[in-house]
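Trainee: Could you take me through a single strand of this model in detail, and then show me how it sits among its surroundings?

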Amino acid sequence: MAPTVSESNATPTEPRPARPKAEPRFPGGPSPDPAGSHHERRIRSFQPRRSRVTTSQADALQRLWPKWGLDIDGQRVLDLGELFGGEMPVVLEIGFGMGEATAQMAADDPDTGILAVDVHTPGQGNLLGLADRNGLGNVRVANGDAVILLREMLPAASLDGLRVYFPDPWPKARHHKRRIIQPEFLDLAAPSLKPGALLHCATDWEPYAEQMLEVLTAHPLFENTRPDGGYAPRPAFRPFTRFEGQGIDKGHVVHDLLFRRVTEDQ
(Lines give C-alpha, C1' and ligand atoms only; values in the text may rest on other atoms or scores of the structure.)
Protein backbone atom coordinates (compact mmCIF):
# COMPACT_ATOMS: atom_id res chain seq x y z
CA MET A 1 0.00 0.00 0.00
CA ALA A 2 1.42 3.37 -1.02
CA PRO A 3 2.10 5.79 1.78
CA THR A 4 -0.22 8.77 2.19
CA VAL A 5 1.15 12.28 1.90
CA SER A 6 1.38 12.55 5.67
CA GLU A 7 3.43 9.37 5.77
CA SER A 8 5.77 10.33 2.94
CA ASN A 9 8.87 12.44 3.10
CA ALA A 10 7.16 15.47 1.52
CA THR A 11 8.39 18.73 3.00
CA PRO A 12 5.57 20.56 4.80
CA THR A 13 4.84 24.13 3.78
CA GLU A 14 6.64 26.56 6.07
CA PRO A 15 4.28 29.10 7.68
CA ARG A 16 4.94 32.69 6.70
CA PRO A 17 6.72 34.41 9.60
CA ALA A 18 4.61 37.07 11.23
CA ARG A 19 5.94 40.60 11.25
CA PRO A 20 6.82 41.62 14.82
CA LYS A 21 4.14 43.88 16.28
CA ALA A 22 6.44 46.86 16.65
CA GLU A 23 7.97 46.53 13.19
CA PRO A 24 6.75 49.27 10.83
CA ARG A 25 4.87 48.30 7.69
CA PHE A 26 6.73 51.05 5.86
CA PRO A 27 10.39 51.38 6.92
CA GLY A 28 11.13 55.06 7.37
CA GLY A 29 7.41 55.78 7.56
CA PRO A 30 4.91 56.08 10.42
CA SER A 31 5.57 53.93 13.47
CA PRO A 32 2.87 51.45 14.52
CA ASP A 33 3.11 52.63 18.14
CA PRO A 34 5.17 55.82 18.29
CA ALA A 35 4.75 56.60 21.99
CA GLY A 36 4.55 53.05 23.30
CA SER A 37 0.94 53.95 24.09
CA HIS A 38 0.04 50.42 25.13
CA HIS A 39 1.89 51.18 28.36
CA GLU A 40 -0.29 54.21 29.13
CA ARG A 41 -3.52 53.13 30.77
CA ARG A 42 -5.95 55.78 29.61
CA ILE A 43 -9.36 55.75 27.95
CA ARG A 44 -8.80 56.58 24.29
CA SER A 45 -11.07 58.59 22.03
CA PHE A 46 -9.90 56.81 18.87
CA GLN A 47 -9.86 53.30 17.49
CA PRO A 48 -6.90 52.49 15.21
CA ARG A 49 -8.05 51.13 11.84
CA ARG A 50 -5.88 48.76 9.83
CA SER A 51 -7.44 48.78 6.38
CA ARG A 52 -5.70 48.13 3.09
CA VAL A 53 -3.05 50.57 1.90
CA THR A 54 -3.03 51.12 -1.86
CA THR A 55 0.11 51.17 -3.94
CA SER A 56 -0.02 54.94 -4.36
CA GLN A 57 -0.56 55.48 -0.62
CA ALA A 58 2.35 53.19 0.21
CA ASP A 59 4.54 55.06 -2.26
CA ALA A 60 3.59 58.40 -0.69
CA LEU A 61 4.35 57.11 2.81
CA GLN A 62 7.78 55.86 1.83
CA ARG A 63 8.75 58.91 -0.23
CA LEU A 64 7.21 61.74 1.75
CA TRP A 65 7.09 60.67 5.39
CA PRO A 66 10.72 61.74 6.05
CA LYS A 67 9.86 65.16 4.58
CA TRP A 68 6.33 65.90 5.85
CA GLY A 69 5.53 63.28 8.47
CA LEU A 70 6.25 62.92 12.17
CA ASP A 71 5.55 60.39 14.88
CA ILE A 72 3.95 61.55 18.12
CA ASP A 73 6.47 59.97 20.44
CA GLY A 74 6.28 62.39 23.38
CA GLN A 75 10.06 62.70 23.37
CA ARG A 76 10.51 66.31 22.20
CA VAL A 77 8.88 69.71 22.03
CA LEU A 78 8.19 70.75 18.46
CA ASP A 79 9.47 73.97 16.94
CA LEU A 80 6.57 74.75 14.60
CA GLY A 81 8.58 77.33 12.67
CA GLU A 82 11.23 74.72 11.96
CA LEU A 83 8.61 72.07 11.20
CA PHE A 84 6.89 74.22 8.57
CA GLY A 85 10.05 75.79 7.20
CA GLY A 86 9.17 79.33 8.25
CA GLU A 87 7.01 81.38 10.55
CA MET A 88 3.32 81.05 9.77
CA PRO A 89 0.10 80.60 11.75
CA VAL A 90 -0.51 76.91 12.46
CA VAL A 91 -3.78 75.11 13.13
CA LEU A 92 -4.04 71.60 14.52
CA GLU A 93 -6.55 69.25 12.92
CA ILE A 94 -7.40 66.10 14.88
CA GLY A 95 -8.77 63.27 12.74
CA PHE A 96 -8.65 63.94 9.00
CA GLY A 97 -9.95 60.69 7.51
CA MET A 98 -8.65 60.37 3.96
CA GLY A 99 -7.44 63.96 3.93
CA GLU A 100 -9.48 65.45 1.07
CA ALA A 101 -10.93 68.27 3.18
CA THR A 102 -7.54 68.96 4.77
CA ALA A 103 -5.90 69.24 1.36
CA GLN A 104 -8.64 71.58 0.16
CA MET A 105 -8.25 73.86 3.20
CA ALA A 106 -4.48 73.89 2.72
CA ALA A 107 -4.88 74.85 -0.93
CA ASP A 108 -7.38 77.60 -0.10
CA ASP A 109 -5.13 79.10 2.61
CA PRO A 110 -1.49 78.44 1.66
CA ASP A 111 -0.16 80.91 4.25
CA THR A 112 -1.51 78.82 7.15
CA GLY A 113 0.16 75.61 8.24
CA ILE A 114 -2.01 72.58 9.00
CA LEU A 115 -0.68 70.00 11.45
CA ALA A 116 -2.99 67.08 10.71
CA VAL A 117 -3.15 64.18 13.19
CA ASP A 118 -4.60 60.71 12.61
CA VAL A 119 -3.80 57.06 13.23
CA HIS A 120 -5.28 55.75 9.96
CA THR A 121 -2.37 54.66 7.76
CA PRO A 122 -4.22 54.75 4.39
CA GLY A 123 -5.44 58.26 5.19
CA GLN A 124 -1.93 59.38 6.10
CA GLY A 125 -0.64 58.11 2.77
CA ASN A 126 -3.54 59.63 0.88
CA LEU A 127 -3.07 63.09 2.42
CA LEU A 128 0.67 63.02 1.74
CA GLY A 129 -0.05 62.10 -1.87
CA LEU A 130 -2.60 64.90 -2.23
CA ALA A 131 -0.16 67.41 -0.75
CA ASP A 132 2.58 66.28 -3.12
CA ARG A 133 0.45 66.32 -6.26
CA ASN A 134 -1.02 69.73 -5.47
CA GLY A 135 2.18 71.38 -4.23
CA LEU A 136 0.86 71.91 -0.71
CA GLY A 137 3.93 72.71 1.34
CA ASN A 138 1.83 73.85 4.31
CA VAL A 139 0.68 70.38 5.42
CA ARG A 140 2.40 68.17 7.96
CA VAL A 141 1.03 64.75 8.91
CA ALA A 142 1.38 63.52 12.49
CA ASN A 143 0.90 59.88 13.46
CA GLY A 144 -0.33 58.94 16.90
CA ASP A 145 -2.29 60.18 19.90
CA ALA A 146 -3.27 63.86 19.81
CA VAL A 147 -3.44 63.89 23.61
CA ILE A 148 0.28 63.15 23.83
CA LEU A 149 0.97 65.79 21.18
CA LEU A 150 -0.93 68.46 23.12
CA ARG A 151 0.35 67.41 26.52
CA GLU A 152 4.03 66.91 25.78
CA MET A 153 5.07 68.17 22.34
CA LEU A 154 3.47 71.56 21.66
CA PRO A 155 4.75 74.82 23.18
CA ALA A 156 2.37 77.05 25.07
CA ALA A 157 0.35 79.48 22.92
CA SER A 158 1.73 78.00 19.69
CA LEU A 159 -1.50 77.22 17.82
CA ASP A 160 -3.76 79.64 15.97
CA GLY A 161 -6.58 77.14 15.75
CA LEU A 162 -7.85 73.66 16.54
CA ARG A 163 -10.19 71.68 14.29
CA VAL A 164 -12.08 68.54 15.27
CA TYR A 165 -14.33 67.52 12.41
CA PHE A 166 -16.71 64.58 12.66
CA PRO A 167 -14.99 62.75 15.54
CA ASP A 168 -16.20 59.29 16.47
CA PRO A 169 -19.54 59.89 18.25
CA TRP A 170 -19.29 56.71 20.33
CA PRO A 171 -23.10 56.51 20.32
CA LYS A 172 -23.54 53.87 23.03
CA ALA A 173 -24.01 55.40 26.47
CA ARG A 174 -21.32 53.23 28.03
CA HIS A 175 -18.83 54.62 25.50
CA HIS A 176 -19.59 58.33 25.95
CA LYS A 177 -16.49 58.64 28.12
CA ARG A 178 -14.44 58.00 24.97
CA ARG A 179 -15.73 61.11 23.20
CA ILE A 180 -12.87 63.53 22.60
CA ILE A 181 -14.72 66.76 23.47
CA GLN A 182 -14.70 66.53 27.25
CA PRO A 183 -13.73 69.08 29.95
CA GLU A 184 -10.40 67.30 30.48
CA PHE A 185 -9.53 67.56 26.78
CA LEU A 186 -10.31 71.28 26.75
CA ASP A 187 -8.13 71.75 29.84
CA LEU A 188 -5.31 70.07 27.91
CA ALA A 189 -5.85 71.94 24.64
CA ALA A 190 -6.27 75.45 26.04
CA PRO A 191 -2.59 76.11 26.96
CA SER A 192 -1.40 75.35 23.41
CA LEU A 193 -3.88 77.80 21.86
CA LYS A 194 -3.11 81.48 21.50
CA PRO A 195 -5.65 83.92 22.93
CA GLY A 196 -8.24 84.43 20.21
CA ALA A 197 -7.49 81.08 18.55
CA LEU A 198 -10.53 79.41 17.03
CA LEU A 199 -11.70 76.00 18.21
CA HIS A 200 -13.94 74.59 15.49
CA CYS A 201 -15.90 71.36 15.92
CA ALA A 202 -18.37 69.74 13.57
CA THR A 203 -20.53 66.66 13.95
CA ASP A 204 -23.56 65.09 12.33
CA TRP A 205 -24.55 63.24 15.50
CA GLU A 206 -27.19 65.33 17.27
CA PRO A 207 -26.66 64.07 20.84
CA TYR A 208 -22.91 64.62 20.50
CA ALA A 209 -23.47 68.14 19.18
CA GLU A 210 -25.57 68.87 22.25
CA GLN A 211 -22.82 67.54 24.52
CA MET A 212 -20.16 69.55 22.67
CA LEU A 213 -22.17 72.74 23.06
CA GLU A 214 -22.76 72.09 26.75
CA VAL A 215 -19.11 71.26 27.51
CA LEU A 216 -17.65 74.15 25.49
CA THR A 217 -20.11 76.68 26.91
CA ALA A 218 -19.25 75.66 30.46
CA HIS A 219 -15.49 75.93 30.02
CA PRO A 220 -14.06 79.24 31.33
CA LEU A 221 -11.32 79.44 28.68
CA PHE A 222 -13.60 79.27 25.65
CA GLU A 223 -16.40 81.53 24.47
CA ASN A 224 -18.96 80.99 21.77
CA THR A 225 -18.56 83.20 18.72
CA ARG A 226 -22.34 83.12 18.28
CA PRO A 227 -24.10 85.90 20.19
CA ASP A 228 -27.09 83.61 20.69
CA GLY A 229 -24.89 80.94 22.29
CA GLY A 230 -25.85 78.29 19.74
CA TYR A 231 -24.50 76.53 16.70
CA ALA A 232 -22.82 78.35 13.82
CA PRO A 233 -23.43 78.07 10.08
CA ARG A 234 -20.78 76.06 8.26
CA PRO A 235 -17.97 78.56 7.63
CA ALA A 236 -16.71 78.90 4.07
CA PHE A 237 -13.27 77.59 4.99
CA ARG A 238 -14.62 74.15 6.00
CA PRO A 239 -15.21 72.20 2.79
CA PHE A 240 -18.37 70.19 2.28
CA THR A 241 -17.14 66.59 2.41
CA ARG A 242 -18.32 63.31 0.96
CA PHE A 243 -18.70 61.95 4.49
CA GLU A 244 -20.88 64.94 5.39
CA GLY A 245 -23.03 64.34 2.31
CA GLN A 246 -23.53 60.70 3.28
CA GLY A 247 -24.75 61.78 6.71
CA ILE A 248 -27.15 64.30 5.24
CA ASP A 249 -28.50 61.62 2.88
CA LYS A 250 -29.32 59.58 5.99
CA GLY A 251 -31.24 62.50 7.49
CA HIS A 252 -28.47 63.70 9.81
CA VAL A 253 -28.14 67.39 10.63
CA VAL A 254 -24.60 68.78 10.68
CA HIS A 255 -23.74 71.20 13.48
CA ASP A 256 -20.69 73.49 13.54
CA LEU A 257 -19.44 74.96 16.80
CA LEU A 258 -17.07 77.93 16.73
CA PHE A 259 -15.49 78.94 20.03
CA ARG A 260 -12.57 81.27 20.79
CA ARG A 261 -9.82 80.83 23.33
CA VAL A 262 -10.03 83.58 25.95
CA THR A 263 -7.53 84.68 28.56
CA GLU A 264 -7.89 83.79 32.20
CA ASP A 265 -8.73 87.36 33.23
CA GLN A 266 -11.62 87.84 30.77
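Mentor: In this predicted model, the side chains of V90, L92 and I94 point one way from β2, while V91 and E93 point the other way, and all of them are buried. Counted over the strand, five of the five residues of β2 (residues 90-94) are buried, so β2 is largely enclosed by the rest of the structure.

The partners of β2 can be taken one by one. With β3, strand β2 pairs in the parallel sense over five bridges, and within this pairing I94 stands opposite V117 in β3. The chain gets from β2 to β3 by way of helix α3 (residues 100-108), and this β-α-β crossover is right-handed. With strand β5 (residues 159-165), β2 also pairs in the parallel sense, here over three bridges, and E93, a buried residue of β2, stands opposite R163 in β5.

Seen from the whole sheet, β2 takes its place between β3 and β5 in an open arrangement of eight strands with mixed pairing, whose order is β1-β4-β3-β2-β5-β6-β8-β7. The edges are held by β1 (69-71) and β7 (222-224), each of which has a single partner strand, so one side of each is left without a neighbour in the sheet. Neighbouring strands of this sheet are turned by 25 degrees against each other on average, if direction is ignored.

Helix α4 (residues 121-133) lies across β3 (113-118) and β4 (139-143), and runs at about 165 degrees to β4, whereas helix α7 (residues 206-218) lies across β6, β7 and β8 and runs at about 15 degrees to β8.

Two contacts between a charge and a ring complete the picture. The charged end of R179 sits over the ring of Y208, 4.7 Å from its centre, and R238 lies over the face of Y165, at 5.8 Å from the ring centre. Pairs of aromatic rings, by contrast, number zero in the structure.

Note on methods: Residues numbered from 1 in each chain as written. Predicted model: local features only at pLDDT ≥ 70, side-chain atom pairs only at ≥ 80, totals over all residues. Heavy atoms only, no water. Phe/Tyr/Trp six-rings, centres within 6.5 Å; stacked < 30°, edge-to-face > 60°. Lys NZ or Arg CZ within 6 Å of the ring centre and 35° of its normal. Pairing = 2+ DSSP bridges. Helix = DSSP H or I, 4+ residues; strand = E, 2+ residues; numbered from the N terminus. Axes fitted to C-alpha atoms, helices over the stretch in contact; angles between N-to-C directions. Contact = heavy atoms within 4.5 Å. Buried < 20%, exposed > 50% of the residue type's maximum accessible area, 1.4 Å probe, protein only. Right-handed = clockwise from strand over helix to strand, strands pointing away.
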